[in-house]
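Here are some notes on this model, point by point.

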Amino acid sequence: MTTTNRLFLSVACLTLLGGCFDRHRSTESLCLDHPEICANTNLNDGQCRLQRTQLIWQRYDVLQNPIDEEQFKELKFTYAYQKCLEYAARIEPTELKERKTVRTQALIHSYEEIRRLSEALADSTDPQIIYFRWSQGDKRALRQFLQLEGTPALETPELQLALATFYTEVDKEKTIQLLKHALELHTGEQPIQPEIIQSLATLSHQTESATEAYLWAKIGTDLGASVASQEKLNSFYPMTDEERQRLDEKALKVAKSIRRGEFRAEQVQ
């Protein structure tokens, strides 16, 4: 190895070690270096330790890279921290009574932070953020989200499921199509969302498609997203033993294809 190569390798290693060291410092040292990202939290308090730590480190990530995606993560961590604080603020400490005051102040500040981050993300074009704003009651976000229908921006299982929730009450057949497409987009690498399978079983039942309802219920069982017990399925969907065995075998094949990321809607027609 030449001297130049050894020098390059040494610099690369130092850079990697520096990055690892920076990412694995204690939260205490991080707060000493960046007190602004730890301000208005209930530091040195056993309550909400996990949520507080996650939020502080995410604020640090935003400080390093203030893009919409990182701010959105901060918003979600702030919601989790707020939820914990709402419970913790009601607890009466046996010692250090001022801790309750600190928790209450941190809770009030969390509302302010949620408002600030929501305003910062109000014009984001990220479909995940648009959907989140819609789920929080933003009607403008709903219009924006629906305008993305049929575009590559919504071609993920999560966003197809989100789109399906809009059509549930107005077009059940379209909802079923969207849910099946969500499964087609599953790659086999990420966890399968049980809501997709459960919704397909429920909607098939509501549209009086007994065979499909039974089939999706069994697929759910095979994927660990049980919809109903076998006893209830037998009661809900009476059929011959031969037909039930055929559907059980088909459910196993479909479940396997979903797990592998090879599902196609034609498999359940």
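1. Tyr131, Trp134, Phe145, Phe166 and Tyr167 are linked into a cluster by ring pairs. Rings of Phe, Tyr and Trp (its six-membered ring) pair if their centres lie within 6.5 Å; planes under 30 degrees apart are stacked, over 60 edge-to-face, and the rest tilted. By this rule there are eleven aromatic pairs.

2. This is a predicted model, with residues numbered from 1 along each chain as its sequence is written. Local features need pLDDT of at least 70, side-chain atom pairs count only at pLDDT 80 or more, and totals for chains, interfaces and linings use all residues, while side-chain values use heavy atoms, leaving out hydrogens and water.

3. Which aromatic pair is edge-to-face at 5.8 Å centre to centre? Tyr79 and Phe132, with 65° between the planes. Tyr79 sits in helix α4 (residues 68-88) and Phe132 in helix α6 (residues 127-135), so the pair links distant parts of the chain, 53 residues apart. Helices (H or I, at least four residues) are DSSP runs, numbered from the N terminus. Phe132 is buried, at 16% relative accessible area, whereas Tyr79 is partly exposed, at 27%. Buried means under 20% relative accessible area, exposed over 50%, partly exposed in between (1.4 Å probe, protein chains only).

4. Tyr214 and Tyr237 form an edge-to-face pair: 6.4 Å centre to centre, 80° between the planes. Tyr214 lies in helix α11 (residues 210-222) and Tyr237 in the loop between α12 (230-236) and α13 (241-260), so the pair ties together parts 23 residues apart in sequence. Tyr214 is buried, at 0% relative accessibility. Tyr237 is buried too, at 8%.

5. Tyr111 is in helix α5 (residues 98-120). At 37% relative accessibility, Tyr111 is partly exposed. Leaving aside neighbours within four places in sequence, Tyr111 is in contact (heavy atoms within 4.5 Å) with Gln82 and Glu86.

6. The largest pocket has a volume of about 220 Å³. A pocket is an open set of points on a 1 Å grid over the protein atoms alone, where a 1.4 Å probe fits, with protein on both sides within 12 Å along at least five of seven lines; lining residues have an atom within 4 Å of a point. Its volume is the space filled by probe spheres set on the points. The lining includes Thr27, Cys31, Arg49 and Ile56. α3 gives the most, with four residues.

Conventions. Helix = DSSP H or I, 4+ residues; strand = E, 2+ residues; numbered from the N terminus.
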